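Welcome, and thanks for taking a look at this one with us. Please have the sequence and the model open side by side as you read.

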Amino acid sequence: TKAPFLHTSRGVGKGAFVLLRSSLYTVQCVAFESKDVPSAMIKYMTGVPCESIVDVYGKLTVPENPVEGATQSEVEIQVTKY
């Protein structure tokens, strides 16, 4: 498999939204502070420089509304490890 590049990231409250890019495709990753996701991970996710190669672990889910900013709009990754 080919590791994706960090395209964009932004923090919102106690969460982070990250857009990953691999070739022509993008997918949104989301993480919110919880007992399994520490606030330090949220802060780290929003501080990684764009174009960095990243490893992301999580669960592939179907969002309530399509993700408008990603080519893979019918899915998103709920991040558990970044």
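Predicted model: local features only at pLDDT ≥ 70, side-chain atom pairs only at ≥ 80, totals over all residues.

## A charged pair and the sheet around it

Which residue forms a salt bridge with glutamate 51? The partner is arginine 21, and the closest N and O atoms are 2.5 Å apart. Arginine 21 belongs to strand E2, whereas glutamate 51 sits in the loop between H1 and E4, so the pair ties together parts that are 30 residues apart in sequence. The count of salt bridges comes to one. Seen as a polar contact, the side chains of arginine 21 and glutamate 51 are again joined at 2.5 Å.

Five strands form an open sheet in the order E1-E2-E3-E5-E4, and their pairing is mixed. At the edges are strand E1 and strand E4, each of which pairs on one side only. On average, neighbouring strands of this sheet are turned by 25° against each other, direction ignored. Helix H1 packs on the sheet, where it touches E1, E2, E3 and E5, and its direction makes about 45° with that of E2.

| Element | Residues |
|---|---|
| Strand E1 | 5-12 |
| Strand E2 | 15-22 |
| Strand E3 | 25-32 |
| Helix H1 | 39-47 |
| Strand E4 | 57-61 |
| Strand E5 | 76-81 |

E4 and E5 pair in the antiparallel sense over five bridges. Looking at E5, you will find that glutamine 78 is the bridge partner of lysine 59.

Which residues touch the most other members of the largest nonpolar core? They are Met45, Val79 and Tyr82, in a core of 16 residues. At least two residues of this core come from each of E2, E3, H1 and E5. Valine 79 deserves a look of its own: not counting residues up to four places away in sequence, it touches Cys29, Val30, Ala31, Val37, Met41, Met45, Val56, Tyr57 and Gly58.

Technical notes: Residues numbered from 1 in each chain as written. Heavy atoms only, no water. Pairing = 2+ DSSP bridges. Helix = DSSP H or I, 4+ residues; strand = E, 2+ residues; numbered from the N terminus. Axes fitted to C-alpha atoms, helices over the stretch in contact; angles between N-to-C directions. Contact = heavy atoms within 4.5 Å. Core = buried A, V, L, I, M, F, W, Y, C linked by side-chain atoms within 4.5 Å. Buried < 20%, exposed > 50% of the residue type's maximum accessible area, 1.4 Å probe, protein only. Salt bridge = Lys/Arg side-chain N within 4 Å of Asp/Glu carboxyl O. Polar contact = N/O pair within 3.5 Å; in protein donor to acceptor, adjacent residues only side chain to side chain.
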